[in-house]
Amino acid sequence: MPRISALGLDVGRKRIGVAGCDGTGLIATGLETIDRRSFAEDVERLRKLAVDREAQLLVIGLPYNMDGSLGFQAKQVQKFADRLSKALDLPVEFVDERLTSVQAEELLRAERQDFSRNKGLIDRRAAAIILQQWLDVRRNQRRDL
């Protein structure tokens, strides 16, 4: 299987959770949480991560509404993703991120990690869940070939 390097992003209004994968495309891990200040600062931090990790693409969670429609926040994420893709010259793939924050909180609770005062921990874990979903789908599609 060819090596893959992707960054997973959980894009919120205040923070961006970032995850990376191990190169084999098997395991996603939360890397950091970026506190958003401006688009230019977001891009510079993500550019450094992309270069350091030799990222080939961005996997971004898209927050669909529970009925499957795209709401205001999803449209904002799409706009951000389009600008980010152009700024970093990296392709973007979207993953349905419904309930990933809830999943992230459950995992952190199971690990007995206190996230009540560190919401960035949830964003970083949600980014890892988003990227892991994409890696799992990709791996299963390759098996079916």
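Mentor: Start with E54, in the loop that joins α1 (39–52) to β4 (57–62). Helices here are DSSP runs of H or I with at least four residues, strands are runs of E with at least two, and both are numbered from the N terminus. The model is predicted: local features need pLDDT of at least 70, side-chain atom pairs count only at pLDDT 80 or more, and totals for chains, interfaces and linings use all residues. Residues are numbered from 1 along each chain as its sequence is written, and side-chain values use heavy atoms, leaving out hydrogens and water.

Look at the backbone of E54. Its phi is near 50°, a positive value in a residue other than glycine. Most residues other than glycine have a negative phi. E54 is exposed, because its relative accessible area is 64%. The cut-offs are under 20% for buried, over 50% for exposed and partly exposed in between, with a 1.4 Å probe and protein chains only.

R112 also has a positive phi, near 60°, and is not glycine. Find R112 in the loop between α3 (100–110) and α4 (119–144). R112 is exposed too, at 78% relative accessible area.

At 45% relative accessible area, E41 is partly exposed. E41 and D10 are 31 residues apart in sequence and 16 Å apart in space, C-alpha to C-alpha.

α1 packs on helix α2 (residues 72–88) at an angle of about 55°, and their axes are 11 Å apart. Axes are lines fitted to C-alpha atoms, for helices over the stretch in contact, with angles from 0 to 180 degrees between N-to-C directions. So α1 is oblique to α2. (Under 35 degrees is roughly parallel, over 145 roughly antiparallel, 65 to 115 roughly perpendicular, and the rest oblique.) From α1, F39, D42, V43, L46 and R47 meet F80, R83, L84, A87 and L88 of α2. Contact means heavy atoms within 4.5 Å. This contact has seven nonpolar, no polar and three charged residues. Asp, Glu, Lys and Arg count as charged; Ala, Val, Leu, Ile, Met, Phe, Trp, Tyr, Cys and Pro count as nonpolar; the others, Gly among them, are polar.

What lies inside? The largest nonpolar core has 21 residues, and L9, I16, V18, L46 and L84 have the most contacts within it. Such a core is a set of buried Ala, Val, Leu, Ile, Met, Phe, Trp, Tyr and Cys residues joined through side-chain atoms within 4.5 Å. β1 (6–11), β2 (15–21), α1, β4 and α2 each give two or more residues to this core. The largest share, six residues, comes from α2.

A second, separate core of 14 residues includes L57, V95, A127 and L135.

Finish at the other helix pair. α3 and α4 pack at about 110°, with axes 8 Å apart. That makes α3 roughly perpendicular to α4. Among the α3 residues that meet α4 are T100, A104 and L108. The residues of this contact divide into eight nonpolar, four polar and two charged. T100 is buried, at 0% relative accessible area. T100 touches A126, I129, I130 and Q133, not counting residues up to four places away in sequence.
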